[in-house]
Amino acid sequence: DKELAAAVVRAYNDWHVDEWCGAYPGRFIPMAVPMLWDPQLCADEVRRLAKKGVHSLTFTENPATLGYPSFHDESWDPLWTALCDEGVVLSIHLGSSGQLTVTAPDAPLDVMITLQPMNICQAAADLLWSRVIKNFPSIRIALSEGGTGWIPYFLDRLDRTYEMHHLWTGQDFGRSLPSEVFREHFLTCFITDPVGIQLRESIGLDNIAWECDYPHSDSSWPLAPEELARAAADVPDSDLDKITYQNACRW
């Protein structure tokens, strides 16, 4: 029953905002749960919750694998419109498509864990080349737990693909390069990523945020700050402030 499902989602969102996050305003930051089965209902929920101070909506990295229209389908337009109108960030977490990159059924679990950031890479490519970015130029997208070390190569690949193929694929970003469009729209997050920290200028300082991922096994809790301090020992305080605080607040 879709009406019952919608009522449950609204009830959860209200509890999450009013009671859980309401217990410590300013420290606990609410994130809305979407109604994936109905873009218009989802858009209505974004607008309702924006009035309660919610600025982020969690969303799948690939709706198509869950049996819903892809990012390229116009049926999601009410949602993109609501996100832009209300200044709400589309927050995408790796693995939220119901699928993880696996090479073979009998491959060790370590293979899947190693390749998890590829899910976020796929989502970034899907959205970057989609009509969403072009038709909704104020949309903002946060990619959670995907790391950052892969991004410099990804940006180079975007620009190379555009330069070599856009005349026959029909892509058009005007006078901008895809890498510039990425930096305008995407925030990326890392837990511990020394390579990403070293390449922060190539990624874009305004596009990086740190997370500790508690309580997952990837988290370095309870020594997360110490681990970050070791990885960022040579990073100027002005850069580190952006990565750990300013960017998160801005987004």
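Modeller: Leu90 has Ile141 as its bridge partner in β3. That bridge belongs to a set of four that join strand β2 (residues 89-93) to β3, the two running parallel; strands pair if DSSP finds at least two bridges between them. Helices (H or I, at least four residues) and strands (E, at least two) are DSSP runs, numbered from the N terminus. Ile141 also stands opposite Phe186 in β4, and three bridges pair β3 with strand β4 (residues 186-190), again in the parallel sense.

A word on the model before we go on: it is predicted, so local features need pLDDT of at least 70 and side-chain atom pairs count only at pLDDT 80 or more, while totals for chains, interfaces and linings use all residues. Residues are numbered from 1 along each chain as its sequence is written, and side-chain values use heavy atoms, with hydrogens and water left out.

Strand β3 (residues 141-144) is covered on both faces: Ile141 and Leu143 on one side, and Ala142 and Ser144 on the other, are all buried. Buried means under 20% relative accessible area, exposed over 50%, and partly exposed in between (1.4 Å probe, protein chains only).

Next comes helix α8 (residues 178-185), whose buried residues are Pro178, Ser179, Val181, Phe182 and His185. They cover an arc of only 160° around the axis, which puts them on the same side of α8; the arc is that of the directions from the helix axis to the C-beta atoms. An α-helix has 3.6 residues a turn, so residues three or four places apart point the same way. The cover over the buried residues of α8 includes α5 (117-128), α6 (131-135), β3, α7 (151-169) and β4, where contact means heavy atoms within 4.5 Å.

Now for the nonpolar packing. A nonpolar core is a set of buried Ala, Val, Leu, Ile, Met, Phe, Trp, Tyr and Cys residues joined through side-chain atoms within 4.5 Å. The largest one has 55 residues, and those with the most contacts inside it are Leu57, Phe59, Leu79, Trp80, Leu83 and Ile92. Leaving aside neighbours within four places in sequence, Trp80 is in contact with Phe59, Phe71, Leu90, Val132, Phe136 and Ile139. A second, separate core of five residues includes Val89, Leu187, Cys189 and Ala209.

Finally, Glu61 deserves a visit. Its place is in the loop between β1 (56-59) and α3 (77-86), and at 3% relative accessibility Glu61 counts as buried. Not counting residues up to four places away in sequence, Glu61 touches a set of residues that includes Phe71, Ile92, His93, Gly95, Gln99 and Ala123. The side chain of Glu61 makes a polar contact with the side chain of Ser97 (2.7 Å), and another with the side chain of Asn119 (2.7 Å). A polar contact is a pair of N or O atoms within 3.5 Å; within protein, one must be able to donate a hydrogen and the other to accept it, and residues adjacent in sequence count only if both atoms are side-chain atoms.
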